[in-house]
Amino acid sequence: MPNHESKPPAALGSGVDRRAFCLGALAAGLALASSGCGGGSAADPMPGPAPTLPVTTTDTKAGLLATPNGTTRDYRNQGSFFLVRDATGIYAMTAICTHLGCTVGLSSGGSLLCPCHGSQYDLAGANLVGPAVLPLAHLEVTEATPGGFLTVNPARPVAAAARLS
Ligand code: FES
């Protein structure tokens, strides 16, 4: 004779299963957040939390000053910024678009292009094409030690005319 005893389904009925479900959902959410919100890395232009910790680069002042004007070092994967050498020195500039925070990319023509909505900036960060209406922020750049590698502090914006020379 078949057993017709009715038992509640194991899934979603008990506290343990709900807890397991919620932990799984939390883990999935964290995985999604970490993959989609990595600070807007070069590989993923979507907005994420802006970096705030200083980053020591692999460039020195002397080395970068010895390069031609317009030389751009790409540090989007380490701290979402560029190091640029121009006629008056070296500056660091964020790669975070002022529209909604995507990571801008370098175009072959030397300008910076945001892949999300098409904003465009020149190499000094001035906005050329919207929807962004503000320029890219310039960041403090110093030598970690005299003659040593350059350190960029994303938490310390500086005037666009500031140069290390
Ligand atoms: S986030 Fe860059 S144009 Fe919208």
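Trainee: In what order do the strands of the six-stranded open sheet come?

Mentor: The order is β1-β10-β9-β4-β3-β2, and the pairing is antiparallel. Strands here are DSSP runs of E with at least two residues, helices are runs of H or I with at least four residues, and both are numbered from the N terminus. Two strands pair if DSSP finds at least two bridges between them. Please note that this is a predicted model: local features need pLDDT of at least 70, side-chain atom pairs count only at pLDDT 80 or more, and totals for chains, interfaces and linings use all residues. Residues are numbered from 1 along each chain as its sequence is written.

Trainee: Which strands stand at the edges of that sheet?

Mentor: β1 (55-60) and β2 (72-75) do. Each has a single partner strand, so one side of each is left without a neighbour in the sheet.

Trainee: And what does the twist average from one strand to the next?

Mentor: The twist averages 35°. Axes are lines fitted to C-alpha atoms, for helices over the stretch in contact, and angles run from 0 to 180 degrees between N-to-C directions.

Trainee: How many bridges join β1 to β10?

Mentor: Three bridges join these antiparallel strands. T56, for instance, has T151 in β10 as its bridge partner.

Trainee: How many bridges do β9 and β10 pair over?

Mentor: They pair over six bridges, in the antiparallel sense. L139 stands opposite P157 in β10. The two strands also form a hairpin with five residues between them, and G147 in the turn has a positive phi of about 80°.

Trainee: What about β4 and β9: how many bridges there?

Mentor: Two bridges, again in the antiparallel sense. A92 has L139 in β9 as its bridge partner.

Trainee: What else does A92 touch?

Mentor: Leaving out residues up to four places away in sequence, A92 touches F81, L83, H138, L139, V141 and V152. Two residues are in contact if their C-beta atoms, placed from the backbone, lie within 7 Å.

Trainee: Which residues of the largest nonpolar core touch the most other members?

Mentor: F81, F82, L83, A92, M93 and V141 do, in a core of 23 residues. The elements that give two or more residues to this core are β3, β4, β9 (138-143) and β10 (149-158). A nonpolar core is a set of buried Ala, Val, Leu, Ile, Met, Phe, Trp, Tyr and Cys residues joined through C-beta atoms within 7 Å. A residue is buried if 20 or more other C-beta atoms lie within 10 Å of its own, exposed if 12 or fewer, and partly exposed in between, with C-beta atoms placed from the backbone.

Trainee: Changing topic: is S80 buried or exposed?

Mentor: S80 counts as buried because it has 26 C-beta neighbours inside 10 Å. It lies in the loop between α3 (76-79) and β3. Phi of S80 is near 55°, a positive value in a residue other than glycine. Most residues other than glycine have a negative phi, and most peptide bonds are trans.

Trainee: Which peptide bond is cis, then?

Mentor: The bond from G130 to P131 is cis, with omega near 20°. P131 is placed in the loop between β8 and β9.

Trainee: Why is A87 exposed?

Mentor: A87 is exposed because it has 8 other C-beta atoms within 10 Å. It is found in the loop between β3 (81-86) and β4 (89-94).

Trainee: In what order do the strands of the four-stranded open sheet come?

Mentor: The order is β5-β6-β7-β8, with antiparallel pairing. β5 (105-106) and β8 (127-129) stand at the edges, each with a single partner strand, so one side of each is left without a neighbour in the sheet. Two bridges join β5 to β6 (residues 112-113), and G105 stands opposite L113.

Trainee: How many helices and strands are in the chain?

Mentor: There are three helices and 10 strands. Buried residues make up 25% of the 165 residues.

Trainee: Where does pLDDT stay under 50?

Mentor: It stays under 50 over residues 1-39, for which the model has 17 contacts beyond four places in sequence. pLDDT is the predictor's confidence in each residue, from 0 to 100. Where pLDDT is low, the predicted coordinates should not be read in detail. The chain averages a pLDDT of 80, and 73% of the residues score at least 70.
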